[in-house]
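Hi,

Here is the structure I promised to pass on. Have a look at it first, then read my notes below.

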Amino acid sequence: MPAIDFKKIFIKDASPTKIGGQAVLEGIMMKGEDRTAVVVRGDKGRLHIKTEKLPERSKAAEIPIVRGVYIFVTTLMTGMKTLIYSAEVLERIYGEEEEAGADVPDAGADDKEGGIPFGVMIAFSVAIAIAFVVGVFIIVPTVVVNFLGAYTDSAVTLNLFEGLLRIVFFIVYIAVISRMKDIRTTFEYHGAEHKTIHCYESGLPLTPANASRFETLHPRCGTSFLMFVMIIALLIFSMLGWPDLFLRIVSRLAFIPLIAGLSYELLRFAGRSDTALVKILSVPGLLLQKLTTREPDASQVELAIAALKAVLAPSDASDIEGFCDTDGRLLPDENSLEYQSALEGYS
């Protein structure tokens, strides 16, 4: 695995911002100061955008530790909503093409036949995924290590093995799913998101050529947050001893909010500092990002730029939804010359 070039990640003259993002199905969601923008690439390479103003921030978002829990929960909800939306947009775009006679996948077959709505199926899948994460990465490790109790009664040793097993499970899981074509594409969009944010925070014009020069790794990435969660969990659980299995599972679940809060504070600190200590603390998360990001192509970077430019709109700008250009601006009627010109640019 290539070495980490800290100079390209903790950029000396960069100005950190609160802009973040998330890769979705065939696209990216960017989150700015006052709005989110979801851009998805549909048929014929067209970009479809939806912006939405963020609700007023709760006072809880200003309290250390508590704000980490608040942001974790709201980010999770936004992520679910965005993932579902991106799937529905792709379904709608390709569904319209099919009605026009194009040869495209029938993503909405269940809706047409009176089955479970597509969005509900996605929501159900997300719920199952959450249950899977809690089961595999929280409950299973402590159950497996429970059998080591026959060989040692050292609470520190048992907790250490549990924490390491949790990290191994997660790394293996990421490595396995990264072999799937759709996941690889999502990881490419993840890399495009990071490159674009790096470019903006470095004060360069937002162009594919400029953004492509940057690394796919970023110190404020959610992947690093997850690694912080697992490391802090290992440390906290080690101080709780080794009670019986039921109490261990309950304690693991009960301490998730505190662990999430501490992890957010550490991630926030890492994103705004470039000291030697921060770089050392960031290494595990950055190494994990090498699995969750891939080098994007120019079209993926172009999409990320459109999403970022959309969240930089003036605070009084109205929300938009529809096909957009590469600057994140809503395109006019499909019969106009401007629209046809933009479409030719995607082809």
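Here is what I found in it.

First, the ground rules: this is a predicted model, in which local features need pLDDT of at least 70 and side-chain atom pairs count only at pLDDT 80 or more, while totals for chains, interfaces and linings use all residues. Residues are numbered from 1 along each chain as its sequence is written, and side-chain values use heavy atoms, with hydrogens and water left out.

The protein has 13 helices and five strands (DSSP runs numbered from the N terminus: H or I of at least four residues for helices, E of at least two for strands). Of its 347 residues, 42% are buried (under 20% relative accessible area, with exposed over 50% and partly exposed in between, using a 1.4 Å probe and protein chains only).

Now find helix α5 (residues 155-177) and helix α8 (residues 222-238): their axes come within 8 Å and cross at roughly 165° (axes are lines fitted to C-alpha atoms, for helices over the stretch in contact, with angles from 0 to 180 degrees between N-to-C directions). So α5 is roughly antiparallel to α8 (an angle over 145 degrees).

Is Val143 buried or partly exposed? Its relative accessibility is 29%, so Val143 counts as partly exposed. Beyond its neighbours within four places in sequence, Val143 touches Leu245 and Ile249.

Cheers

Terms used:
Parallel < 35°, antiparallel > 145°, perpendicular 65-115°, else oblique. Contact = heavy atoms within 4.5 Å.
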